[in-house]
Number of protein chains: 2
Amino acid sequence: MITARVLIRPKEGILDAQGKAVERALPALGFEGIEHVRVGRIVELRAENADRLEELCEKLLANPLIEDYEIEIA
Amino acid sequence: MITARVLIRPKEGILDAQGKAVERALPALGFEGIEHVRVGRIVELRAENADRLEELCEKLLANPLIEDYEIEIA
């Protein structure tokens, strides 16, 4: 079995609503000097092998039209 | 400036509804041998320093009652 970590992020140029919401909340909470906030998802799983992980991302975990994904094998 | 990555996951013992939903969808899509799916969030940001990142997680990014977080500095 392998342990894999999939990072899913909004594509460049796609509005990252959650990231913008965090950025807007920062000043009211007294945080300064924090920028370029991007919010995505992380999916961690165990699999027998890595053969079909890319297909899994394309079909189920990510929306390839608006999201990029990156697979890290532990 | 530093680049930081915050990984936010449901705590052990807390229901991970998204992870369960992925697991339930796998057989219908023909995926076998994938288990222990956990879905969390990833927040990437640039900051002047790492001094207040833990506070940022506690106050804004994560819900410490039900989520664990991990800060990685690039």
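This is a predicted model: local features need pLDDT of at least 70, side-chain atom pairs count only at pLDDT 80 or more; totals for chains, interfaces and linings use all residues.

Residues are numbered from 1 along each chain as its sequence is written, chains are lettered from A in the order in which they are written, and side-chain values use heavy atoms, with hydrogens and water left out.

**Strand pairing**
- Strands are DSSP runs of E with at least two residues, helices runs of H or I with at least four, and two strands pair if DSSP finds at least two bridges between them.
- β1(A) and β2(A) are antiparallel and share seven bridges, with Ile8(A) opposite Arg41(A).
- Between the chains, β2(A) runs antiparallel to β2 (residues 34–47) of chain B over 11 bridges, and Ala47(A) has Ile34(B) as its bridge partner.

**Glu44(B)**
- Glu44(B), in strand β2 of chain B, is buried, with a relative accessible area of 16% (buried means under 20%, with a 1.4 Å probe and protein chains only).
- Its side chain makes a polar contact of 2.6 Å with that of Arg9(A) (a donor and an acceptor, N or O, within 3.5 Å; residues adjacent in sequence count only if both atoms are side-chain atoms).
- Leaving aside residues up to four places away in sequence, Glu44(B) touches residues including His36(A), Val37(A) and Arg5(B), contact being heavy atoms within 4.5 Å.

**Largest pocket**
- The lining of the largest pocket draws at least two residues from each of β1 (2–10), α1 (17–25) and β2 (34–47) of chain A.

Terms used: Buried means under 20% relative accessible area, exposed over 50%, partly exposed in between (1.4 Å probe, protein chains only).
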